[in-house]
Amino acid sequence: MERKPFAPAVPSKIPDLRRARFVTRRWQSYDESMDRLPADEPDPVANWDLAGSSPEATWERISNELVAAASSGKHLLHLPTIVTVGPDGFPQARTVVLRYFDPARREAWFHTDIRSGKVTDITREPRVALHWYVPSSRLQIRIPAIATVHTGDERARAAWNGSATMSRACYTADAPGTPLDTFPRAPRQPAVDDDAGFEMFAAVGCQFDELDLLTLHAAGHQRVRLDLRQTPPTWQILAP
Ligand SMILES: Cc1cc2nc3c(=O)[nH]c(=O)nc-3n(C[C@H](O)[C@H](O)[C@H](O)COP(=O)(O)O)c2cc1C
């Protein structure tokens with residue numbers, strides 16, 4: 001049978017994005033974020049049918065998921081892609097760990113090295129895009145945002161103090177993107193009070209006013225632009 005464009009391969013169950021039993025409340029390095037649920041763990045069923053929801057309920061649900069995603073390496077929204085514009089005008093996309101999500105301020109936060117290409121890009125052009133796709137839920141989230149880099153300030157200090165020592169290790173290594181002759185060894189885990197990497201550490205806040213959501217359904221895909229500038233939020237239905 002011929003499948004429609006984007007038609008889901010498995011039409012029946014749509015798993016939830018959150019696996020509450022596995023939620024942990026600690027900061028994780030991205031190495032730690034890569035462990036996944038056991039393959040035999042059943043997914044709770046979640047319905048991402050936007051037609052049966054409202055802009056307000058959809059924002060509440062998405063923001064709750066993103067809050068949970070920032071605290072759990074097991075959450076399917078834990079690893080967004082952030083896209084910046086390089087100095088040559090080419091877009092640059094890479095994975096980061098979602099470290100904090102603030103629904104009231106509409107901010108998504110990640111940590112990075114001030115020597116990285118993305119910081120150079122953001123300093124020059126703060127307009128960025130965040131992207132997630134969860135195949136098992138057939139949900140795409142796109143967020144255009146304005147990024148602000150915090151380094152050496154209170155915000156950076158709070159983020160640094162809350163981060164795991166293993167996550168801090170990379171900030172004393174070679175700058176991201178440095179050409180090397182051989183693959184580097186993993187940096188050693190610093191002591192809890194070792195502040196050596198702090199001067200290279202940045203917490204980046206991405207502030208946004210709208211989201212583009214797409215959910216795939218055999219009966220018809222659903223796409224909306226959710227506008228958060230007013231309360232309650234509104235949405236515009238869009239052709240998928
Ligand atoms: C699963 C995963 C998580 C990552 N998390 C981060 C992160 O939180 N912060 C970060 O700066 N880089 C992270 N990285 C590395 C980036 O994707 C990227 O390779 C690196 O930051 C250099 O990017 P840039 O040169 O474009 O700035 C992660 C990579 C993977 C695969």
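Mentor: Strand S1 covers residues 81–85, and strand S2 covers residues 91–95. The two strands pair in the antiparallel sense, over 5 bridges. Take Thr81 in your viewer: its bridge partner in S2 is Thr95. Between the strands lie 5 residues. In that turn, Gly89 has a positive phi of about 90 degrees.

Keep in mind that this is a predicted model. The pLDDT averages 85 over the chain, and 81% of the residues score at least 70. Over residues 1–14, though, the pLDDT is below 50; beyond near neighbours in sequence, that stretch has 14 contacts in the model. Residues 20–45 also stay under 50 in pLDDT. For them the model has 40 contacts beyond four places in sequence.

Now the wider chain. It holds 4 helices and 10 strands. From the N terminus, the order is α-β-β-β-β-α-β-β-α-α-β-β-β-β. Of its 240 residues, 30% count as buried. Take the contacts between residues at least 6 apart in sequence: 68% of them join residues at least 24 apart.

Next, the core. In soluble globular proteins, nonpolar side chains tend to be buried together. Here the largest nonpolar core has 44 residues. Leu66, Leu98, Ala108, Val128, Leu130 and Val204 have the most contacts inside it. Look at Leu98. Setting aside neighbours within four places in sequence, its contacts include Leu66, Ala69, Ala70 and Leu77. His78, Pro80, Ala108 and Phe110 are also in contact with Leu98.

Buried in H1 are Trp59, Ile62, Glu65, Leu66, Ala69 and Ala70. These residues sit on the same side of H1, because they cover an arc of only 140 degrees around the axis. An α-helix has 3.6 residues a turn, so residues three or four places apart point the same way. The buried residues of H1 pack against S3, S4, S6, S8 and S9.

Helix H3, residues 154–161, has its own buried set: Ala156, Ala159 and Trp160. Their arc is only 100 degrees around the axis, so they lie on the same side of H3. Glu154 and Asn161 are exposed on the other side. The cover over the buried residues of H3 includes S4, S6 and S7.

S9 takes you to another hairpin. Strand S9 (residues 222–227) and strand S10 (residues 234–238) run antiparallel, joined by 5 bridges. Val224 has Ile237 as its bridge partner in S10. The hairpin leaves 6 residues between S9 and S10. Leu228 has its place in that loop. Is Leu228 buried, exposed or partly exposed? It counts as partly exposed, because it has 18 C-beta neighbours inside 10 Å, and being buried takes 20 or more. Beyond residues up to four places away in sequence, Leu228 touches Trp59, Arg106, Asp209, Glu210 and Pro233. Trp59 is one of the buried residues of H1. Leu211 is 17 residues from Leu228 in sequence, and the two are 8.2 Å apart in space, C-alpha to C-alpha.

Definitions and conventions: Residues numbered from 1 in each chain as written. Predicted model: local features only at pLDDT ≥ 70, side-chain atom pairs only at ≥ 80, totals over all residues. Pairing = 2+ DSSP bridges. Buried ≥ 20, exposed ≤ 12 C-beta atoms within 10 Å, placed from the backbone. Arc of directions from axis to C-beta. Contact = placed C-beta atoms within 7 Å. Core = buried A, V, L, I, M, F, W, Y, C linked by C-beta atoms within 7 Å. pLDDT = per-residue confidence, 0-100.
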